[in-house]
Amino acid sequence: TKTGTTKGLMASAIMLSICLAFSSVISHAQNPVKNGPKAMVAGISGNTATVDQILSNPTLTSTLPDSRVTSFTVTLIPKGRDLIGPYKTEGARISPRTIDSLSTTAGKPVNIVFEDIMATKDGKQVALPTIFMKCKQ
């Protein structure tokens, strides 16, 4: 039927978009920025953390001196479950909605993508690289 074909094409388009987005994220994660400003989650400089570490300090900071994170988008990728998000956040603190979603992943590994990270320094917007974080329980 025409409806079935349309739904099939939409599902294929969505899957293609997801694959393209995550291949870009994974490529960046495999080739992280060596020098230059970066963002950190919960004060952790690496890309591995526990959910509890993130929940105890749910903020993003910048390594750029005298700057502050002003916005970002976060997507949760729990093992064996559908994607959660993306959630656009204003400010440096992870939103209550994202914290609630992260709390529901208890007991299972989850990957978290922080992208579109923006910071301000001297009144100017600065884009920071995407963070692909692996979380263990």
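Contact here means heavy atoms within 4.5 Å, and that definition runs through the legends below. This is a predicted model, in which local features need pLDDT of at least 70, side-chain atom pairs count only at pLDDT 80 or more, and totals for chains, interfaces and linings use all residues. Residues are numbered from 1 along each chain as its sequence is written, and side-chain values use heavy atoms, with hydrogens and water left out.

**View 1. F114 and its contacts.** Leaving aside neighbours within four places in sequence, F114 is in contact with V41, L60, F72, T73, V74, I94, T130 and I131. F114 also belongs to the largest nonpolar core, a set of 25 residues, and is listed with V41, I54, I112 and I117 as touching the most other members. A nonpolar core is a set of buried Ala, Val, Leu, Ile, Met, Phe, Trp, Tyr and Cys residues joined through side-chain atoms within 4.5 Å. Buried means under 20% relative accessible area, exposed over 50%, and partly exposed in between (1.4 Å probe, protein chains only). Two or more core residues come from each of strand 1 (39–41), helix 2, strand 4, strand 5, strand 6 and strand 8 (131–136). Strand 6 gives the most, with five residues. As background, nonpolar side chains tend to be buried together in soluble globular proteins.

**View 2. The whole chain, for orientation.** The protein chain has three helices and eight strands, in the order α-β-β-α-β-β-β-α-β-β-β from the N terminus. Helices (H or I, at least four residues) and strands (E, at least two) are DSSP runs, numbered from the N terminus. Of the 137 residues, 34% count as buried. Among contacts between residues at least 6 apart in sequence, 61% join residues at least 24 apart. The accessible surface comes to about 8,200 Å², and 57% of that belongs to carbon and sulfur atoms; these areas come from the Shrake-Rupley method with a 1.4 Å probe, and for residues only the protein chains shown count as cover.

**View 3. Strand 4 and its two partners.** Strand 4 is mostly covered, with 10 of its 12 residues buried. Strand 4 pairs with strand 6 in the antiparallel sense over 10 bridges, while five bridges join strand 4 to strand 5, again running antiparallel. Two strands pair if DSSP finds at least two bridges between them. On the strand 5 side, L76 has I84 as its bridge partner. The hairpin of strand 4 and strand 5 has five residues between the strands, and G80 there takes a positive phi near 75 degrees.

View 4. V74 is found in strand 4, where V74 stands opposite Y87 in strand 5. With a relative accessible area of 1%, V74 is buried. Not counting residues up to four places away in sequence, V74 touches G85, P86, Y87, T98, I112, V113 and F114. V74 and E115 are 41 residues apart in sequence but 6.4 Å apart in space, C-alpha to C-alpha. Two of the residues touching V74, G85 and P86, are joined by a cis peptide bond with omega near 5 degrees. P86 has its place in strand 5.

View 5. In helix 3 (residues 96–103), T98, S101 and L102 are buried. Seen down the helix axis, these buried residues fall within an arc of 100 degrees, so they line one face of the helix; the arc is that of the directions from the helix axis to the C-beta atoms. Their cover includes helix 2 (51–56), strand 4, strand 5 (84–90) and strand 6 (110–121). On the other side, P96 and D100 are exposed.

View 6. S67 is found in strand 4 (residues 67–78) and stands opposite K121 in strand 6. The side chains of S67 and S62 make a polar contact at 3.0 Å. A polar contact is a pair of N or O atoms within 3.5 Å; within protein, one must be able to donate a hydrogen and the other to accept it, and residues adjacent in sequence count only if both atoms are side-chain atoms. Leaving aside neighbours within four places in sequence, S67 is in contact with S62, T120 and K121. D66 lies in the loop between strand 3 (60–62) and strand 4, with a positive phi near 55 degrees in a residue other than glycine. D66 is exposed, at a relative accessible area of 70%. D122, in the loop between strand 6 and strand 7 (124–128), also has a positive phi, of about 55 degrees, although D122 is not a glycine. At 66% relative accessibility, D122 counts as exposed.
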